[in-house]
Every structure is written in C-alpha cells, then in structure tokens.
Amino acid sequence: MLAELFAVMAPVFFGAGLGFCWIRLGYDYPVEFVTKLVFNIGTPALILAALGNAEIDAQSFGQTLLGALTVMGIMAGVSLLMAKALRKDWRVIISPTMYPNTGNMGLPVTLYAFGNAGFAYAITVTVSVALIQFTFGAMLANRGGRPLRTLLRTPTIYAILIALGLLLTDSSLPRWAANTVDLISGFCVPLMLITLGVSLASIQVKSLTSGLGFSLLRIPAAALITFAVAQLLGLPPLAQSVLILQMSMPVAVYNYLFAQRARREPEYVAGLVFCSTLLSFIYLPVLLAIMM
C-alpha cells in the first residue's frame, strides 16, 4: 500500500521540486501569466477530460453531491474557528479548509483503494468541490468588487455545467472534442505543481510550522464531520468510505493559485499545501486501513 501511495503522491513532490529548483537556479518564472493560463484554459479542459465520460446514475450522483456540499458548508463554519485559533484572516483560511485535493490526488487514490465502483463516487465529489470552488471561491478571490461579473467570466463554470449535463444524460463528448480537451488538459496539473514549487522556494520556516498546525486541526475535523454527514444522509457504505477519503485529502493546489490571484498570503497557503500533502503519507494509509 505504501508503495502504491508513494507512486500517486511522488509526482506532487517532484513537480513542485522542479519549480523550487528553477527559482533557486536564478531563472525567471511568470507566475501571473501561468496562473491565468491554468485557470482559463487548462482547468476547463481538465474538468471535461476527467468528468465528461464518467458513469454514475442520477440518484447516486445526487446523494453524494448533497453529502459533499453539506461537508463543505460545515467546514466553512469550522474555518472561522480555525482562523481565530491560528490568528489569520478568515479569507485566507476558508478556502484551504473547504477544498481538499479531490482531483489529481483523490481520484487515483480512490481508484486504487475501491476500484471502478468507488471511482464513480469520487468523480461526483470532485465535481461538487470544483463547482463550489470555482463559484464561491472565485468570487472570494475577486478583488475588483464585481463578483458576478467574475463568475460569468470564469470558463471553468461552463466546463462544469457541460460535464454535469453529460453525466446526467449518460452522454459523452464527440471524439474530436474528447481528444482535444484530453490533449490540452495535459499541461494543467504540471504547471500547477511547478508554480507551487516556485512559491515554496521562498517559503519561511514559520509558514511550515503554521502549515503543520493547520493540518493537524483540519484533517481530523474533516474526517469526523464527513463521517457524521454520511451517516445522517444514509449513504451506502462504499459512498461513505469514498466521501470520507476524498474530503480528508490534503489541501488542493488550486487554493494556492486562488491565493496568488487574490494576493492573500500565497506563500502561507503554499505552506498549507506542502505540509498537508507531506502529512498525508502518514494518515492516508491509516485511513485506508480502517475503511478497506
């Protein structure tokens, strides 16, 4: 299990390591340009490529969607308490608390642990997180005072709506469109990780200490809250396990990109991503051993 988990998580560290070494060697890196490229082109393509052909029935989709949305709502409230405990602006803390890495880390880990049946539930959780992150999260990151305009100009929202339509109608993209988005989506995750490494190159030890404290607060809270919500909604055992695993994932790299866009302590958020991902080597095997 440890070897398989390392195989999934190693690209996160090596990808960020490229960005870290790039800056340490004295080369320039256009963070603002790369962030716009990832948000406006890479992410919509990634959503369509990953979710456009997923297979799950409408009832299972609805139940799991409700569970994920409920957990995120509760975690938003928890973030206010964590912000006070960590003495940070709630706008810095709320996104890392609400949005775990359900995509490029959660999906492969779930596939390994629960197979194709569990993967369908994992896809649903990923859609749920992306839907809220790229609506509420995008508006929160907006500094121009026009949140609705920002929302309407976010291409990822339209990609999610198309993916939802495909899921609910049991349809798929035309072959030419599927091939196109699959090709374009290939640059998204690597650029996200390299950009994370660029920020980590200037991170301070204080940020790592704060990141460790944040992770030790968030991880058990997310697991326990998700378990309670899953029990309350009466989700099937497999859906419960997948939801708990997905919502307990480390802080998503997208949170750093949103912090970079909003200019709200991106180095601190990078520390949260780094520390929570590092800790996942310890707690994910334990969590999987309990649920499998």
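**Figure 1. Cysteine 21 and cysteine 275.** Cysteine 21 is partly exposed, at a relative accessible area of 44%; here buried means under 20% relative accessible area, exposed means over 50%, and partly exposed lies in between (1.4 Å probe, protein chains only). Cysteine 275 has a relative accessibility of 8% and therefore counts as buried. A disulfide is defined as a pair of cysteine sulfur atoms within 2.5 Å, and by this rule the count is zero. This is a predicted model, in which local features need pLDDT of at least 70 and side-chain atom pairs count only at pLDDT 80 or more, while totals for chains, interfaces and linings use all residues. Residues are numbered from 1 along each chain as its sequence is written, and side-chain values use heavy atoms, with hydrogens and water left out.

**Figure 2. The aromatic pair of tryptophan 22 and tyrosine 27.** A pair of aromatic rings is described by the distance of the centres and the angle of the planes. Rings of Phe, Tyr and Trp (its six-membered ring) pair if their centres lie within 6.5 Å; planes under 30 degrees apart count as stacked, those over 60 as edge-to-face, and the rest as tilted. The search of the whole structure finds three aromatic pairs. In the pair of tryptophan 22 and tyrosine 27, the ring centres are 4.7 Å apart and the planes stand at 40°, so the pair is tilted. Tryptophan 22 is partly exposed, at 40% relative accessibility, and tyrosine 27 is partly exposed as well, at 46%.

Figure 3. Phe39, Tyr254 and Phe258 belong to one aromatic cluster. Arginine 261 lies over the face of phenylalanine 39, 4.2 Å from the ring centre. A charge sits over a ring if NZ of Lys or CZ of Arg is within 6 Å of the ring centre and within 35 degrees of the ring normal.

Figure 4. Side chains of opposite charge can pair when their charged atoms come close. A salt bridge is a side-chain nitrogen of Lys or Arg within 4 Å of a carboxyl oxygen of Asp or Glu, and three are found in the whole structure. Lysine 88 forms one with glutamate 265, at 2.6 Å from N to O. Glutamate 265 lies in the loop between α12 (253–262) and α13 (266–291), and lysine 88 in the loop between α3 (58–86) and α4 (90–98), so the pair ties together parts that are 177 residues apart in sequence. Helices (H or I, at least four residues) are DSSP runs, numbered from the N terminus. Both residues are partly exposed: glutamate 265 at 32% and lysine 88 at 25%. The charged end of lysine 88 also sits over the ring of tyrosine 268, 4.2 Å from its centre.

**Figure 5. Two further salt bridges.** Lysine 36 and glutamate 32 are joined at 3.7 Å, N to O. They are four residues apart in helix α2 (residues 31–51), which means that about one helical turn separates them. Lysine 36 is partly exposed, at 49%, whereas glutamate 32 is exposed, at 52%. Arginine 91 and aspartate 89 form a salt bridge at 2.9 Å, N to O; arginine 91 is partly exposed, at 36%, as is aspartate 89, at 29%.

**Figure 6. Serine 128 in helix α5.** Helix α5 spans residues 106–141. Serine 128 is buried, with a relative accessible area of 0%. Apart from its neighbours within four places in sequence, serine 128 is in contact with Leu65, Ala68, Leu69 and Met72, where contact means heavy atoms within 4.5 Å.

Technical notes
Helix = DSSP H or I, 4+ residues; strand = E, 2+ residues; numbered from the N terminus.
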